[in-house]
Amino acid sequence: MAVSGAQNRPFSQSVECSRFVLLPECPGNSESWFLSRCFRALLSDGVRGVVSFADPVPRRTASGVLVMPGHVGTIYAATNAVYAGRATARTVKLLPDGTVFNERTAQKIRRQEQGHQYAQEQLIALGAPRPRPGCDPAIWLREAPRSAPAMSATAARIATYSGSAEPAASGRRSISACPPDTQYPKCPDPEPAAP
């Protein structure tokens, strides 16, 4: 993301908001209040741009219970972020409880990075065998879904938002390389058709 006509240095002048969660008991407008405080703190540390994502695809458990209604990024629109359209469609794997088993989680297993034990346990709980000592994690991961047929797949195109840690008026004007006439999404995507 370019801000004020200059290219931001990734991880120092521009960052990604990868997860935003508040408890349901937080009062109304807590999201935008908290985001504005985060932007102020980021700006004081030299960060000028933030990219965020919203997942508009509803998710259900294998038994049909709605666990995620789909989010369109209303909190980002409320803080004057620029809606930059949809990311490239990806196929995501869903666990029976409706959570996504994404490529980043799979990569943790392949590379045995922090968090790989939790990810492996998710697949083992679905019926995948425990990895044998010394086995190649990438090979185990390739075989595991065959033993855990409860996983399903769906296509997803997440919504992308570009925001500025600079004051709202000047920050929004200075964000470039984003379609200026793209309208904020107003409702989640239709639910994926059952396989």
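Thr74 lies in helix α2 (residues 74–78), where helices are DSSP runs of H or I with at least four residues, strands are runs of E with at least two, and both are numbered from the N terminus. This is a predicted model, in which local features need pLDDT of at least 70, side-chain atom pairs count only at pLDDT 80 or more, and totals for chains, interfaces and linings use all residues. Residues are numbered from 1 along each chain as its sequence is written, and side-chain values use heavy atoms, with hydrogens and water left out. The chain has 6 helices and 12 strands.

**Chain totals**

- The chain has 195 residues, of which 34% count as buried; buried means under 20% relative accessible area, exposed means over 50%, and partly exposed covers the range in between (1.4 Å probe, protein chains only).
- About 12,000 Å² of the chain is accessible surface, and carbon and sulfur atoms account for 56% of that area. Accessible areas come from the Shrake-Rupley method with a 1.4 Å probe, and for residues only the protein chains shown count as cover.
- Of the contacts between residues at least 6 apart in sequence, 69% join residues at least 24 apart; a contact means heavy atoms within 4.5 Å.

- Thr74 is exposed, with a relative accessible area of 56%.
- Thr74 and Cys187 are separated by 113 residues in sequence, while their C-alpha atoms are 9.5 Å apart in space.
- Helix α4 spans residues 116–125, and its buried residues include His116, Ala119 and Gln120. Gln122, Leu123 and Ile124 of helix α4 are buried as well.
- Gly127 follows α4 and has a positive phi, near 120 degrees.

**Sheet β3-β4-β11-β7**

- This open sheet has 4 strands in the order β3-β4-β11-β7, and its pairing is mixed; two strands pair if DSSP finds at least two bridges between them.
- Its edge strands are β3 (14–17) and β7, each of which pairs on one side only.
- From one strand to the next the twist averages 25 degrees. Axes are lines fitted to C-alpha atoms, for helices over the stretch in contact, and angles run from 0 to 180 degrees between N-to-C directions.
- Strands β3 and β4 (residues 49–54) run parallel and are joined by 4 bridges.
- Val15 stands opposite Val50 in β4.

**Sheet β9-β8-β10**

- Here 3 strands form an open sheet in the order β9-β8-β10, with antiparallel pairing.
- β9 (100–101) and β10 (152–156) are the edge strands, and each pairs on one side only.
- Strand β8 (residues 90–94) pairs with β10 in the antiparallel sense over 5 bridges.
- Opposite Thr91 stands Ala155 in β10.

**Aromatic pairs**

- The structure holds 4 aromatic pairs. Rings of Phe, Tyr and Trp (its six-membered ring) pair if their centres lie within 6.5 Å; planes under 30 degrees apart count as stacked, over 60 as edge-to-face and the rest as tilted.
- Tyr83 and Tyr161 form a tilted pair, with 5.3 Å centre to centre and 50 degrees between the planes.
- That pair links distant parts of the chain, with Tyr83 in strand β7 (residues 82–86) and Tyr161 in strand β11 (residues 159–164), 78 residues apart.
- Both Tyr83 and Tyr161 are buried.
- Ring pairs link Tyr76, Tyr83, Tyr161 and Tyr184 into a cluster.

**Salt bridges**

- Side chains of opposite charge can pair when their charged atoms come close.
- The count comes to 7 salt bridges, each being a side-chain nitrogen of Lys or Arg within 4 Å of a carboxyl oxygen of Asp or Glu.
- Arg59 and Asp55 meet through their side chains in a salt bridge at 2.7 Å, N to O. Arg59 is buried, with a relative accessible area of 4%.
- A salt bridge also joins the side chains of Glu113 and Arg111 (3.9 Å, N to O). Glu113 counts as partly exposed at 23% relative accessibility, and Arg111 is exposed, with a relative accessible area of 57%.
- The side chains of Glu121 and Arg130 form a salt bridge at 2.8 Å, N to O. Glu121 is partly exposed at 36% relative accessibility, whereas Arg130 is exposed at 54%.
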